[in-house]
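Biologist: I am new to this structure and would like to learn how to read it. Please take me through it one feature at a time.

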Amino acid sequence: KGRIYVYEFENRGISEIICNNILKRHEIAPHFKSLGLKLIYLGPGTAGINMQTDPNHATPTGFLHGGMIAALADNAMGLAVVTLGNSCLTVGMNINFIAPVKASEELIAKGQVVSAGKSVVVSEASIFDRKHRLIARSRGTYIKNPNDKFSA
């Protein structure tokens, strides 16, 4: 079994109000717990998330199911959007799987906003294993929820 790496959370320059609101919401989010996700950092238009994968999410060949990798990518991209101040909903996303990964590996997702309009935001994520090997790349489109601000 692989070593579980421990990361300290880092605020990389977003307001304390937005940062604390994101942390509070994700502390109690059921999907964050069930997927084994931990926030590593948040910055303006960026987010880093760690995932300790679970052998229960393996395909019959022992590799991590692509849906788990896609869920990690969606969370990283969406959180990068949320650092801009509004919650959001995924409108669409695509993912390219670059390399297989065993279902007991630790993964790191790095999300980055690439275009932010008034209501629609495009974000990308890169997923790496602990050896810094690229596992997947994803791009998502998100719609901001103007009625749910993280800055208030």
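Biologist: In what order do the strands of the open sheet lie, and what is the pairing?

Modeller: Keep in mind that this is a predicted model. As a general idea, strands of a sheet pair through backbone hydrogen bonds, and they do so either parallel or antiparallel. Here 7 strands form an open sheet in the order 1-2-3-5-6-7-4, with mixed pairing. Strand 1 and strand 4 (86–97) are at the edges with a single partner strand each, so one side of each has no neighbour in the sheet.

Biologist: How many bridges join strand 3 to strand 5, and how do these strands run?

Modeller: They run antiparallel, and 7 bridges join them.

Biologist: Now the helices. What should helix 1 span, given its 12 residues?

Modeller: Helix 1 covers residues 16–27, and at 1.5 Å a residue it should span 16 Å.

Biologist: Which residues of helix 1 are buried?

Modeller: They are Ile18, Cys19, Asn21, Ile22 and His26. These residues cover an arc of only 165 degrees around the axis, which means that they lie on the same side of helix 1. Lys24 and Glu27 are exposed residues on the face turned away from that buried side.

Biologist: What covers the buried residues of helix 1?

Modeller: The cover includes strand 1 (10–11), helix 2 (30–35), strand 2 (37–43) and helix 3 (66–82).

Biologist: Which residues of the largest nonpolar core touch the most other members?

Modeller: This core has 38 residues, and those with the most contacts to other members are Ile22, Ile49, Ile69, Leu72, Leu107 and Ile127. At least two core residues come from each of helix 1, helix 2, strand 2, strand 3 (46–52), helix 3, strand 5 (106–116), strand 6 and strand 7. Helix 3 gives the largest share, 10 residues. To see one member in its setting, take isoleucine 49: leaving out residues up to four places away in sequence, its contacts include Phe32, Leu39, Leu72, Leu79 and Leu107.

Biologist: Next, charged side chains. How many salt bridges are there in the whole structure?

Modeller: In general, side chains of opposite charge can pair when their charged atoms come close. A search of this whole structure finds 6 salt bridges. One of them joins glutamate 10 and arginine 12, at 3.3 Å from N to O. Glutamate 10 is partly exposed, at 39% relative accessible area, and arginine 12 is also partly exposed, at 42%.

Biologist: Where in the chain are aspartate 148 and arginine 25, which also pair?

Modeller: Their side chains form a salt bridge of 2.7 Å, N to O. It links distant parts of the chain: aspartate 148 is in strand 7 (residues 134–149) and arginine 25 is in helix 1, 123 residues apart. Arginine 25 counts as partly exposed, with 35% relative accessibility.

Biologist: Is glutamate 124 buried or exposed?

Modeller: Glutamate 124 has a relative accessible area of 19%, and the limit for buried is under 20%, so glutamate 124 is buried. Its salt bridge with arginine 139 has the closest N and O atoms 2.3 Å apart. Glutamate 124 belongs to strand 6 (residues 120–129) and arginine 139 to strand 7, 15 residues apart. Arginine 139 is partly exposed, at 39% relative accessibility. Through salt bridges that share partners, Glu124, Arg137 and Arg139 are joined into one network.

Notes:
Residues are numbered from 1 along each chain as its sequence is written. This is a predicted model: local features need pLDDT of at least 70, side-chain atom pairs count only at pLDDT 80 or more; totals for chains, interfaces and linings use all residues. Side-chain values use heavy atoms; hydrogens and water are left out. Helices (H or I, at least four residues) and strands (E, at least two) are DSSP runs, numbered from the N terminus. The expected span of a helix is 1.5 Å times one less than its number of residues. Buried means under 20% relative accessible area, exposed over 50%, partly exposed in between (1.4 Å probe, protein chains only). The arc is that of the directions from the helix axis to the C-beta atoms. Contact means heavy atoms within 4.5 Å. A salt bridge is a side-chain nitrogen of Lys or Arg within 4 Å of a carboxyl oxygen of Asp or Glu. A nonpolar core is a set of buried Ala, Val, Leu, Ile, Met, Phe, Trp, Tyr and Cys residues joined through side-chain atoms within 4.5 Å. Two strands pair if DSSP finds at least two bridges between them.
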